[in-house]
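This briefing is written for a reader who has not seen this structure before. Please look over the sequence and the model first, then read the notes below by topic.

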Amino acid sequence: MPHATASWLVDNTALSFEQIAEFCGLHILEVQAIADDTAATKLTGRDPVAAHEVTMEEIEKAQADPDYRMEMLKGPEQVRRTKGPRYTPVSKRQDKPDGIAWLLRNHPEISDAQIGKLIGTTRNTINAIRDRTHWNIAEIVPKDPVTLGLCSQRELDAVVAKAAKKAGIEAPKDETIEGDREALIAELRNERRVAAAEAEAALAAEAAEAAGEEAPAEAESESGSGWPEMPAEDAPAKPLPEGAEELFKKKDD
């Protein structure tokens, strides 16, 4: 809380704004705003001596020498989460029953302790939803806790894998990725074959053009037209079959 520490140093010491700003990691104008009471919020001072961040001898030494810069003995203690249920923001707490119902329906192998640690709930709530004795059971709709923001996908996958391993169940595998991979490989191979065929055709055309040969034109198929071939004008007449002349004579008579 650098601003609160700076406020205490401004009110209780004769340190310069530069010394306070460098000790607290602030800009000198921020310290000046705190001293002039023009900061956005009124700050409650925090004693760095009581927090064992600096000694009074160090402060007195800095007050005697404006060029002296104080050194912090130790950083402020980090706020660590204590053991217990997972903390959930107030805006997400009404979504917990939906996430619990989703886990009970889709992953029955997960224990109540794991659900409580993952979502931050109690065994009584889990049992009430499982037995459908929850006071708001009519309004509970199973929803993915990751979508609701109650946990991350990595945390959920780790819990599911651990519970499946303990129960002797093979963890579900996402086969869509493998299918997409095989389809992509097949498509790339097909594109490579088409490209190779086009390259060979282009090389053959260039070689033929360089040799002065023309590509043979495709002959039009007339066999399927159904019309007989017409003889040329200067072609000799075909002889009549045997007995045809006698038939013509009888017809004329």
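In this predicted model, helix 5 and helix 6 cross in a right-handed manner. Their axes come within 11 Å and cross at roughly 145°. Helix 5 covers residues 96-106 and helix 6 covers residues 112-120.

**Contact of helix 5 with helix 6**

- Two packed helices are described by the angle between their axes and the distance between the axes.
- On the side of helix 5, the residues that meet helix 6 are K96, G99, I100, L103 and L104.
- Helix 6 contributes I115, L118, I119 and G120 to this contact.
- By type, the residues of the contact divide into six nonpolar, two polar and one charged.

- Helix 6 is largely enclosed by the rest of the structure, because seven of its nine residues are buried.
- Those buried residues are D112, Q114, I115, G116, L118, I119 and G120.
- They pack against helix 5, helix 7, helix 8 and helix 9.
- Q114, a residue of helix 6, is in contact with V159, K162 and A163 when its neighbours within four places in sequence are left aside.
- Q114 and K162 are 48 residues apart along the chain, and their C-alpha atoms are separated by 9.8 Å.
- T122 is located in the loop between helix 6 and helix 7.
- T122 counts as partly exposed because its relative accessibility is 41%, which falls between the limits of 20% for buried and 50% for exposed.
- The C-alpha atoms of T122 and D112 are separated by 8.4 Å, and the two residues are ten apart along the chain.

**Nonpolar cores**

- The largest nonpolar core has 20 residues, of which I100, L103, I110, I115, L118, I119 and L156 touch the most other members.
- At least two residues of this core come from each of helix 5, helix 6, helix 7 (123-130) and helix 9 (153-167).
- Helix 5 gives the most to this core, with five residues.
- With neighbours within four places in sequence left aside, I110 is in contact with L103, I115, V159, V160 and A163.
- Another core, of 16 residues, lies apart from the largest one, and L9, I34, I59 and M70 are among its members.

**Helix 1 and helix 2**

- Helix 1 runs over residues 2-12, and A4, T5, A6, S7, W8 and L9 are buried in it.
- The buried residues of helix 1 pack against helix 2 (17-24), helix 3 (28-35) and helix 4 (56-64).
- In helix 2, the buried residues are Q19, I20, A21, F23 and C24.
- Helix 1, helix 3 and helix 4 are included in what covers the buried residues of helix 2.
- Just after helix 2 comes G25, which takes a positive phi of about 75°.

- Is Q19 buried or exposed? Q19 is buried, because its relative accessible area is 4%, and buried means under 20%.
- A polar atom of the Q19 side chain lies 3.0 Å from the backbone nitrogen of S16.
- Once its neighbours within four places in sequence are left aside, Q19 is in contact with A62, D65, P66, D67, Y68 and R69.

**R132 in a loop**

- R132 has its place in the loop between helix 7 and helix 8 (145-148).
- Most residues other than glycine have a negative phi.
- R132 is a residue other than glycine with a positive phi, near 60°.
- R132 is exposed because its relative accessible area is 60%, and exposed means over 50%.

**The chain as a whole**

- The chain has eleven helices and zero strands.
- Of its 253 residues, 25% are buried.
- Among contacts between residues at least 6 apart in sequence, 57% join residues at least 24 apart.

Key: Residues are numbered from 1 along each chain as its sequence is written. This is a predicted model: local features need pLDDT of at least 70, side-chain atom pairs count only at pLDDT 80 or more; totals for chains, interfaces and linings use all residues. Side-chain values use heavy atoms; hydrogens and water are left out. Axes are lines fitted to C-alpha atoms, for helices over the stretch in contact, and angles run from 0 to 180 degrees between N-to-C directions. Helices (H or I, at least four residues) and strands (E, at least two) are DSSP runs, numbered from the N terminus. A crossing is left-handed if the near helix is turned anticlockwise from the far one by less than a right angle, and right-handed if clockwise. Contact means heavy atoms within 4.5 Å. Ala, Val, Leu, Ile, Met, Phe, Trp, Tyr, Cys and Pro count as nonpolar, Asp, Glu, Lys and Arg as charged, and the others, Gly among them, as polar. Buried means under 20% relative accessible area, exposed over 50%, partly exposed in between (1.4 Å probe, protein chains only). A polar contact is a pair of N or O atoms within 3.5 Å; within protein, one must be able to donate a hydrogen and the other to accept it, and residues adjacent in sequence count only if both atoms are side-chain atoms. A nonpolar core is a set of buried Ala, Val, Leu, Ile, Met, Phe, Trp, Tyr and Cys residues joined through side-chain atoms within 4.5 Å.
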